[in-house]
Amino acid sequence: MVDLRVNLGKIQLKNPVMTASGTFGYGTEYYDFFDVSRIGGIVVKGTTLRDRQGNAYPRMAETPSGMLNAVGLQNKGVEYFAENIYPTLLDLNTSIFVNISGSTVEEYVETAAIINELDHIPGIELNISCPNVKEGGMTFGTSCPSAAQAVKEVRRVYGKELMVKLSPNVTSISEIAKAVEGEGADSISLINTLLGMAIHAETRKPVLSTVTGGLSGPAVKPVALRMVWEVSKSVGIPVVGMGGIINATDAIEFLLAGATAIQIGTANFIDPTTPVKVLEGIEDYLLRHKMNSVSELIGALEV
Amino acid sequence: MKKFMSDLLISEMIRLNEQYFIIKLTAEDKLPEMLPGQFAEIKVEDSPSTFLRRPISINFVDYERNELWLLIQIVGAGTLKLSQLRAGDSLNLIYPLGNTFSLPDFKPSDILLVGGGVGIAPLLFWGAKLASEGYTCTFLLGGRSESNLLMLDEFKRYGTVVVTTEDGSSGEKGYVTDHSILKTKQFDAVYTCGPTPMMKAVAAYAAKNKLFCEVSLENTMACGFGACLCCVTDTTDGHLCVCTEGPVFPITKLKW
Ligand SMILES: Cc1cc2nc3c(=O)[nH]c(=O)nc-3n(C[C@H](O)[C@H](O)[C@H](O)COP(=O)(O)OP(=O)(O)OC[C@H]3O[C@@H](n4cnc5c(N)ncnc54)[C@H](O)[C@@H]3O)c2cc1C
Ligand SMILES: Cc1cc2nc3c(=O)[nH]c(=O)nc-3n(C[C@H](O)[C@H](O)[C@H](O)COP(=O)(O)O)c2cc1C
Ligand code: FES
């Protein structure tokens, strides 16, 4: 038996396989495909203080080895989550994270405070890839002061695992990582989607209603790996890696680059059983390489 | 309804013409129950530019032969690759997905099913079910020209078939909504699937005549089972996912 447990700051996951926010609904969408309780953690849909309708259709464009999305955080708001969705998650035997978004620091704080009251939610993932309306729409996660401020204020009201999810659309992701570590983040997850766009040549129109959108899938994997590697070297807190993982080999590459756990996103759309396949693949790898624990893999890249 | 991800066996490939083909699928086990209007998400192998699955309507289910039919139009790399499969190959499906057509709260006496191009696909399965329950169906099928009119003999088993073509190569010349049957015959329920402008025109006809009407939408999808929220349409209840709350919607709910 290999030991698959990993420590993410304040909590321990039973294995390093998680699912990425916005790609796994509330987990229920996947019950027909596999036993969701087998995986280490799930991150539910991006949640905001108030109900959001999201962006207009079309919100998706298929691109080489990936896709662009412009869903725009459609969700029914944190109160609805706490009252109607949360009770349905109580039987799940996995660590459930709520991904939180906001357009002001106050919104992040209020949302986090409500989630803090939910016993069965051991952590939040703070999505700082959102435009800050008070700062002229500049994304929180693209400047060190605004990223730090969001984390600092949320930390005041949120006592459990605080994972901060970084945007890759920055010049130096390590600097942002250090800034959020400095304000008390327990762990860091990356990467969120890369800003991109798609054009319909025949009609001379953008494919997405919002013109630009977030790129995900295997196309982003090399960028994601590089960023996970850089960030894990520059902070002391655990790093959760994601971006284009479709199989166990991809996941192991992220662990070697320094990730303590990984998240699976877009791959769930194509094969909804990807998380269990990755989990089994990691176990096989450890057995094949005669390793006793997944922790031996973390950051074991031989440069 | 429980969703499955399964490898099904291709029992038959039927090439209708340059653009269209039918895949008949079977399995060793009994196929699960499927409802008219539902669709499958198909995995396209060995097509590097086809990253996501492709949503395709359930065209017909032959429970006696344990067969599921898909009617597909070649429009890009994914559907082209599918057209090159052969009997004996396997195909991975996530299915059955989405909701189903429904009957109005009164008993309709004359039902109209309007399909354009490959949009006729789900209407065969629905028409067959309606006919088996004793309803009278008229299929009004349209296409650019004769080669876009598909599976007419199949449709004739379940009701009256009338057609239009834009170039007049078969049936009445013009769009489906120009067909004389809409003026000469009274219908009390309408179902439609096809290009959006056609569905909008049919919906306008139904609304004008105060008819019960459902449309089947074909929004682009990433997952097909409610996980990504990419496929929404604007409704009186806000943005709803076409893959889970649809693809079939009553026209009174859509904000077109
Ligand atoms: C619920 C549902 C049911 C469907 N049922 C059928 C069916 O029974 N038979 C059938 O042949 N097709 C059906 N379609 C459409 C089918 O999914 C697309 O034609 C297919 O995905 C195209 O794949 P491709 O790789 O060949 O083409 P691509 O290269 O992906 O696309 C070729 C061209 O078609 C356009 N296109 C692709 N998908 C769509 C779409 N959903 N709506 C509008 N334009 C699109 C693209 O923008 C592009 O211009 C259905 C779609 C949905 C959502
Ligand atoms: C449709 C879609 C919706 C997403 N929604 C969110 C979200 O609400 N919050 C968030 O932090 N990330 C969101 N993401 C980003 C993913 O969680 C993940 O960071 C990204 O897709 C990279 O991983 P992948 O390549 O495995 O998909 C979304 C991604 C997709 C494809
Ligand atoms: S296609 Fe993913 S939610 Fe509808």
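Strand 4 of chain B contributes the most to the shell around ligand 1, with 4 residues; strands (E, at least two residues) and helices (H or I, at least four) are DSSP runs numbered from the N terminus. The model is predicted, so that local features need pLDDT of at least 70 and side-chain atom pairs count only at pLDDT 80 or more, while totals for chains, interfaces and linings use all residues. Residues are numbered from 1 along each chain as its sequence is written, chains are lettered from A and ligands numbered from 1 in the order in which they are written, and side-chain values use heavy atoms, with hydrogens and water left out.

Ligand 1 is surrounded by 21 residues, the closest being B:P55, B:L71, B:Q73, B:G78 and B:T79; a residue belongs to such a shell if one of its heavy atoms lies within 4 Å of the ligand. The site is shared between chains, because residues from both A and B surround ligand 1. Strand 4 (54-57), strand 6 (67-73) and helix 1 (77-83) of chain B each supply at least two residues of this shell. By class, the shell around ligand 1 holds 11 nonpolar, 8 polar and 2 charged residues, where Ala, Val, Leu, Ile, Met, Phe, Trp, Tyr, Cys and Pro count as nonpolar, Asp, Glu, Lys and Arg as charged, and the others, Gly among them, as polar.

Polar contacts are pairs of N or O atoms within 3.5 Å; within protein, one must be able to donate a hydrogen and the other to accept it, and residues adjacent in sequence count only if both atoms are side-chain atoms. A nitrogen atom of ligand 1 lies 2.8 Å from a polar backbone atom of B:L71. Oxygen atoms of ligand 1 are found 3.1 Å from a backbone N or O atom of B:G76 and 2.5 Å from a side-chain N or O atom of B:T79. On its own, ligand 1 has 890 Å² of accessible area, of which the protein covers 74%; accessible areas come from the Shrake-Rupley method with a 1.4 Å probe, and for residues only the protein chains shown count as cover.

Ligand 2 also has 21 residues around it, and A:S21, A:K165, A:G217, A:G244 and A:T266 are the closest. This site too is shared between chains, since residues from chains A and B surround ligand 2. The shell comprises 5 nonpolar, 15 polar and 1 charged residues. An oxygen atom of ligand 2 is 2.8 Å from a polar backbone atom of A:S21, and one is 2.6 Å from a backbone N or O atom of A:G244. The side chain of A:K165 places an N or O atom 2.8 Å from an oxygen atom of ligand 2. Of the 600 Å² that ligand 2 exposes when taken alone, the protein buries 95%.

The contact between the chains (heavy atoms within 4.5 Å) takes 34 residues from chain A and 28 residues from chain B. About 2,500 Å² is buried between chain B and chain A, 61% of it on carbon and sulfur atoms; buried area is the accessible area (1.4 Å probe) that two parts lose on being put together, summed over both.
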